Amino acid sequence: MALSATIYTINVDLANVDRNVYEQLELRVARQPSESAEYMLMRILAYCLEYSDGIAFTQGVAAGDEPAVWIRDLTGQVTGWFEVGAPDAERLHRGSKRAGRAAVYTHRDVAQVLGNFSGKTIFQAEQIPVYAFDRRFIETVANLIERRCDLGISLTEQQLYIEIAGQSLNSQIEEHRISN
């Protein structure tokens, strides 16, 4: 019998000062059995930091040709494509071409992630930001996430502040660009 996803209910108090987005979100996140806590947290962060009308989680690691998070307009057209971790260059190319706007959120070694894109054809590669997060910060926060929890997320000037389980943590988000 195949293992099923574990559902997490996360109440997020989001204050993205950089984008002037302030929301109270109730997220239901399906964590697949093969998905690490860090990967799930990166999906949550991508969702929150890109938050706008039409945003949705896909099936995550079980999504195949879909990103971790995307935005669709009212017609169903994909307008935002957001990958997590160390995505495949070909899928990022297709997503960027399809949506016109793409980004990568990674807690992996950013030099290695960017190196995997080197020499590959990626549509509008120079316009795709790669946001890198400190791995220890992500591991710490991921270990504090419970199946039901409250999460405060604030972003200002690329500085990320998270409140979870009575702890306040912060980390700088580094923005990189893909160069071919």
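A residue counts as buried here when its relative accessible area is under 20%. By that cut-off, 49% of the 180 residues of the protein are buried. What you're looking at is a predicted model, with 4 helices and 11 strands. Its radius of gyration is 16 Å, close to the 16 Å that the globule rule gives for 180 residues, so the protein is as compact as a globular protein of that length.

**Overall build**

- Taken along the principal axes, the box filled by the C-alpha atoms is roughly 45 × 45 × 35 Å.
- Take the contacts with a separation of 6 or more: 53% of them are between residues 24 or more positions apart.

**The five-stranded sheet**

- Five strands line up as β2-β1-β8-β9-β10 in an open sheet, and the pairing is mixed.
- The edges belong to β2 (21-31) and β10 (167-172); each has a single partner strand, so one side of each is left without a neighbour in the sheet.
- On average, and ignoring direction, neighbouring strands of this sheet are turned by 20 degrees against each other.
- At one end of the order, β1 (residues 6-16) pairs with β2 in the antiparallel sense, over 11 bridges.

**Where α1 meets α4**

- Two packed helices are described by the angle between their axes and the distance between the axes.
- For α1 and α4, the angle is about 95 degrees and the axes are 9 Å apart.
- Angles of 65 to 115 degrees count as roughly perpendicular, and α1 and α4 are therefore roughly perpendicular to each other.
- From α1 come Ala37, Glu38, Leu41, Met42 and Leu45; they meet Ile138, Glu139, Val141 and Ala142 in α4.
- Sorted by type, the residues of the contact of α1 with α4 are 7 nonpolar, no polar and 2 charged.

- Leu92 sits in helix α2 (residues 89-99). With a relative accessible area of 0%, Leu92 is buried.
- Not counting residues up to four places away in sequence, Leu92 touches Glu83, Ala102, Val104, Phe117, Ile122, Ile128 and Ile178.
- From Leu92 to Ala37 is 55 residues in sequence and 23 Å in space, C-alpha to C-alpha. Ala37 is one of the α1 residues that meet α4.
- Gln159 belongs to strand β9. Its relative accessible area of 17% makes Gln159 buried.
- Setting aside neighbours within four places in sequence, Gln159 is in contact with Ser154, Asn170, Ser171 and Gln172.
- Val110 is in helix α3 (residues 110-117), and at 17% relative accessibility Val110 counts as buried.
- Beyond its neighbours within four places in sequence, Val110 is in contact with Val130, Ala132 and His176.
- Val110 and Arg43 are separated by 67 residues in sequence, and by 17 Å in space from C-alpha to C-alpha.

How values were computed:
Residues are numbered from 1 along each chain as its sequence is written. This is a predicted model: local features need pLDDT of at least 70, side-chain atom pairs count only at pLDDT 80 or more; totals for chains, interfaces and linings use all residues. Side-chain values use heavy atoms; hydrogens and water are left out. Two strands pair if DSSP finds at least two bridges between them. Helices (H or I, at least four residues) and strands (E, at least two) are DSSP runs, numbered from the N terminus. Axes are lines fitted to C-alpha atoms, for helices over the stretch in contact, and angles run from 0 to 180 degrees between N-to-C directions. Angles under 35 degrees count as roughly parallel, over 145 as roughly antiparallel, 65 to 115 as roughly perpendicular and the rest as oblique. Contact means heavy atoms within 4.5 Å. Ala, Val, Leu, Ile, Met, Phe, Trp, Tyr, Cys and Pro count as nonpolar, Asp, Glu, Lys and Arg as charged, and the others, Gly among them, as polar. The radius of gyration is taken over C-alpha atoms; the globule rule is 2.2 Å times the number of residues to the power 0.38. Buried means under 20% relative accessible area, exposed over 50%, partly exposed in between (1.4 Å probe, protein chains only).
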